[in-house]
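Here are a few friendly notes to read alongside the model. Please keep the structure open as you go through the points.

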Amino acid sequence: MRVPFNRVATRTAVDSARSTLAALTVSLGTVGLAAAAARPGLLALVDQHAAAVRDSLDGDRQPLTAATLAGYAEGVRAAALEHGWAPPDAPVDWSHPEWLPTRLLAVCALARSLDGV
C-alpha cells in the first residue's frame, strides 16, 4: 500500500511539534507550572503572557494547535538567541523570572490545554 506523501509530511510535522512542546515542558514547563500554582503573582504573569501568545496567534478566531505553539516557541527562542540570549546554566528562578522563560512557560500552559499533547 502506498501512503500519500502529504500524509507522511503532515504526520511528521505533527510529531515534530509535539516533540518540541514535550521537550519544552520537560526543560521548563513542569517546574515552572508547579511554581506558578504555588505563586499567585507568577500565575497571573503566566496568564498575561498566555493571553498575549494567543492574541499573536489569532487564537480567538482559530484554534491553537501543537504546530502553531511549537512554531511560536521556536521563533521566540531563535529571536532571543540572535539578540545574544543564552540558555541559563542554572534552573530558572521563578521568584524573579525573566521575560523569555515566562513567555515559554505560557506556551507550555497553552499546550497543556490542547488535546493529545
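1. A word on terms before we start: two residues are in contact when they have heavy atoms within 4.5 Å of each other. Please also keep in mind that this is a predicted model.

2. His49 sits in helix α2, which covers residues 40–56. Leaving aside residues up to four places away in sequence, His49 touches Trp99, Thr102, Arg103 and Ala106. Is His49 buried or exposed? Its relative accessibility is 9%, and buried means under 20%, so His49 counts as buried.

3. Those contacts of His49 lead us to a helix pair. Helix α2 packs against helix α4 (residues 99–112) at an angle of about 75°, and their axes are 8 Å apart. The two helices, α2 and α4, are therefore roughly perpendicular. On the α2 side, the contact is made by Leu45, Val46, His49, Ala50, Ala52, Val53 and Arg54. On the α4 side, Trp99, Thr102, Arg103, Leu105, Ala106, Val107, Ala109 and Leu110 take part. By class, this contact between α2 and α4 has 11 nonpolar, two polar and two charged residues.

4. Now step back to the whole chain. The protein has four helices and zero strands, and along the sequence the pattern reads α-α-α-α. It is made up of 117 residues, of which 32% count as buried. The protein exposes about 7,500 Å², and carbon and sulfur atoms supply 57% of that area.

5. What does the interior look like? The largest nonpolar core has 30 residues, and those with the most contacts inside it are Leu21, Leu24, Val53, Leu69 and Val107. The elements giving two or more residues to this core are α1, α2, α3 (66–82) and α4. Helix α4 supplies the largest share, eight residues.

6. Leu21 belongs to helix α1, residues 5–38. With a relative accessibility of 2%, Leu21 counts as buried because the cut-off is under 20%.

7. Leu21 and Ala67 are 46 residues apart in sequence, yet their C-alpha atoms are 9.0 Å apart in space. For the protein as a whole, 73% of the contacts between residues at least 6 apart in sequence join residues at least 24 apart.

How values were computed: Residues are numbered from 1 along each chain as its sequence is written. This is a predicted model: local features need pLDDT of at least 70, side-chain atom pairs count only at pLDDT 80 or more; totals for chains, interfaces and linings use all residues. Side-chain values use heavy atoms; hydrogens and water are left out. Buried means under 20% relative accessible area, exposed over 50%, partly exposed in between (1.4 Å probe, protein chains only). Accessible areas come from the Shrake-Rupley method with a 1.4 Å probe; for residues, only the protein chains shown count as cover. Axes are lines fitted to C-alpha atoms, for helices over the stretch in contact, and angles run from 0 to 180 degrees between N-to-C directions. Angles under 35 degrees count as roughly parallel, over 145 as roughly antiparallel, 65 to 115 as roughly perpendicular and the rest as oblique. Ala, Val, Leu, Ile, Met, Phe, Trp, Tyr, Cys and Pro count as nonpolar, Asp, Glu, Lys and Arg as charged, and the others, Gly among them, as polar. A nonpolar core is a set of buried Ala, Val, Leu, Ile, Met, Phe, Trp, Tyr and Cys residues joined through side-chain atoms within 4.5 Å.
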